[in-house]
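Hi there,

Here is the structure I promised to pass on.

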Amino acid sequence: MKNRRQNILSASLKLFNKLGYSNVTIRMIALELKISSGNLNYHFKKREDILEALYFEMVSEFDVRIENLGETKFSLETIKKDIELSMHRMVEYQFFWTDLYILLRLNDKIRLHFEEVYKKRFKGYEILFNSLIEMNIMESFELTKESQFLIERMIGFSNTWLYNSFLYRKKNNQNYIETQSDNLLFMLYPYLTDFGKTEYKRLVPGCFV
């Protein structure tokens, strides 16, 4: 029973990624699995139930990372690795990010969770910045809202980089993910101390060639 449910989710994810959520029907998923629509409906009453299951499957890993932020030992290297891991996870569920704003309007449960995650991500960035300042990697912020604006830019980029790859037909291979992770990390560069900039250049030498 559990295997059949997971098979449905895997087949749905494959079709959603290939065709887009709005272009995939329950019948198409059933045909992909070579089962009847009725058999599929036993596990998921409607397509939106599959969407919910895939969304919470995707964010389970993100939720754990956010919850453990207070115990994390930060460095530019660990930040870069975490960004790349998150981007790879997003590619696995790329249909959600390429249709993000449409899907958030379709499902209140997902939208409410996404809004709560935003608040946690914002708090996580504040913890990160404070830690980097204490470690003499980042400078203290001069303006009252400087930290807030930087966090908003970084979260905004994190949410939309995959949509841009779809829009401009970029291949989401390892090279592209590394480029986008560098792009996001580079937003910190103007706020780094001399020590932080030295560490950054060591970590991402390709940005300075």
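A word on terms first: axes are lines fitted to C-alpha atoms, for helices over the stretch in contact, and angles run from 0 to 180 degrees between N-to-C directions. Helices here are DSSP runs (H or I, at least four residues), numbered from the N terminus.

This is a predicted model, in which local features need pLDDT of at least 70, side-chain atom pairs count only at pLDDT 80 or more, and totals for chains, interfaces and linings use all residues. Residues are numbered from 1 along each chain as its sequence is written, and side-chain values use heavy atoms, leaving out hydrogens and water.

Now to helix α9 (residues 146-167) and α10: their axes come within 10 Å and cross at roughly 155°. That makes α9 roughly antiparallel to α10 (the term is for angles over 145 degrees). M154, F157, S158, W161 and S165 of α9 make the contact with Y176, I177, Q180, N183 and L184 of α10 (contact means heavy atoms within 4.5 Å).

Helix α10 (residues 174-185) also packs with helix α5 (residues 76-92), at an angle of about 130° and with the axes 9 Å apart. In α5, the residues that meet α10 include L76, I79, I83 and M87. Those four are also among the buried residues of α5 (buried means under 20% relative accessible area, with a 1.4 Å probe and protein chains only).

One last check: the 17 residues of α5 should span 24 Å at 1.5 Å a residue, and its end C-alpha atoms are 25 Å apart, which agrees (the expected span is 1.5 Å times one less than the number of residues).

Best wishes

Key:
Helix = DSSP H or I, 4+ residues; strand = E, 2+ residues; numbered from the N terminus. Buried < 20%, exposed > 50% of the residue type's maximum accessible area, 1.4 Å probe, protein only. Parallel < 35°, antiparallel > 145°, perpendicular 65-115°, else oblique.
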